[in-house]
Amino acid sequence: MRQWIAEIATDTTSGVKTSVESFYLPREEDVRREIIKRGAYCLSIRAYERSPMERLLARSSWWQVQLLRGIQFRSTSTSPGVAFWRLIEGETNPTRQNILSPAKEALSRGLGIIDALKALNIFDRGTLAILSASEKANKLVEGIPHAISTITQKRKNMRAIGGTMAWLGFDVLSIVQAMFWGKDLVLGWFHDNAPTEVDKLAEYNDVVGKLELTWNILILIAVAATVFMVWCILSFFLNRGKDDWPTARIVRKIPLIGAYMRDLGFADSMSTAARMLRGKVPINEMMIQSAESASVPDIALYWHAAEQDLKRGIPLGSAMDREPLNRSERLEIASLSDLSQIATIMESISEMRAQNAKGKHSLILWLAFGLTGLYLAIAFGSAIFALTVMNMSMDSLLGGLTSF
């Protein structure tokens, strides 16, 4: 299903009139068929592409929260589907009308509110899981606050990840800039101050050549790291909502960063599951939705395995007592004696995972800072070592740089 913009011509008593309408259908042929059913003529059809401003607004957590609150407010006197339709009809901002048009088309075709929300393609899978599970339990209005809480929590997590990536990007950019500027300055000074003695010149050029090679390798490493980071950021942005893709698998194999992402994923998953249980969603439905909303394959496999064991009649505590939960988390699950405790235990596990992720986040920042210092120490230490090999004094170097 995707959105199409079609220019159509309609015969009227006053002549042919043209108009532009939006359709939400799987294929271009379906749009043509729909136009023919109306007795109109299709002039042109194009796939609708959101503008950068629309994409930014649609993906913002602020817009998502406002949309859900609007549905919740209007659902006090009518069904959520009708409330959503009235919200769309009452929207006057053209940008927001474009964003909401797929949902309007879905509702007009008789689809449910969950299908309409999925048509917007703005909510992540965890939020849709909570809303879908709540809707199946006929308690969508009660599930909306839990979905809003999930969006808010994920916004905090994304800020933490964004801060980490920004810090690493600043480190890499600083390294590349320092190397590019420092290379020409230092190596230029070496070439301008070569010894005049023939016997020393060959040794001098050999040392300077090795220094230049070392710095070229360091610059190549920095540029490669920059390209990898940019590639990862773009890939994660373009593949939002997908179960898995090559870049995500590569990043998860990086020891510390992979563990950090798994802890964040488990914190989100357990928190989402607890909110669904608080919203009176059945346990088996909660597990299915938690598996579908998981952003890490290991977490999805955990919920699938637990749900299958539960179907076979295994007690809930035993079904959930499995990897990748750590020892302390499994002890909490094993101590489960009352079904009313499960939501509390899940929230406790979510908090522990969030704390672990916070510790790994700090460790990543300090490790990045240390690697940056080590990188620069190798770069400029190699130049100082070259001076030592050539029996030059530091006073001579400082004097030459000052005069330069």
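**Helices, aromatic rings and nonpolar cores**

Q: In which helix is the place of glutamate 285?
A: The model is predicted, with residues numbered from 1 along each chain as its sequence is written, and side-chain values use heavy atoms, without hydrogens and water. Local features need pLDDT of at least 70 and side-chain atom pairs pLDDT 80 or more, while totals for chains, interfaces and linings use all residues. Helices are DSSP runs (H or I, at least four residues; strands are E, at least two), numbered from the N terminus. Residues 283–293 form the helix that holds glutamate 285, which is α12.

Q: Is glutamate 285 buried or exposed?
A: Buried means under 20% relative accessible area, exposed over 50%, and partly exposed in between (1.4 Å probe, protein chains only). Glutamate 285 has 15% relative accessibility, so it counts as buried.

Q: Which residues does glutamate 285 touch, not counting residues up to four places away in sequence?
A: A contact means heavy atoms within 4.5 Å. With residues up to four places away in sequence left out, glutamate 285 touches Ala133 and Lys136.

Q: What is the angle between the planes of phenylalanine 266 and tyrosine 302?
A: Rings of Phe, Tyr and Trp (its six-membered ring) pair if their centres lie within 6.5 Å; planes under 30 degrees apart are stacked, over 60 edge-to-face, the rest tilted. Three aromatic pairs are found in the whole structure. The pair of phenylalanine 266 and tyrosine 302 is edge-to-face, at 5.6 Å centre to centre, and its planes make an angle of 65 degrees.

Q: How many residues apart in sequence are the parts that this pair ties together?
A: Phenylalanine 266 is buried, at 2% relative accessible area, and tyrosine 302 is buried at 1%. Because phenylalanine 266 lies in helix α11 (residues 255–278) and tyrosine 302 in helix α13 (residues 297–311), the pair joins parts whose separation in sequence is 36 residues.

Q: Which residues form one aromatic cluster?
A: Tyrosine 302 also forms an edge-to-face pair with tryptophan 303, at 5.2 Å centre to centre and 75 degrees between the planes. Both tyrosine 302 and tryptophan 303 are buried. The cluster consists of Phe266, Tyr302 and Trp303.

Q: How many residues has the largest nonpolar core?
A: A nonpolar core is a set of buried Ala, Val, Leu, Ile, Met, Phe, Trp, Tyr and Cys residues joined through side-chain atoms within 4.5 Å. Phe84, Leu117, Trp303, Met320 and Met346 have the most contacts inside the largest one, whose residue count is 57.

Q: Which residues are touched by phenylalanine 84, not counting residues up to four places away in sequence?
A: Phenylalanine 84 is listed among the residues with the most contacts inside the largest core. Beyond four places in sequence, phenylalanine 84 touches Leu67, Ile71, Leu100, Ala103, Leu107, Ile113, Ala116, Leu117 and Leu120.
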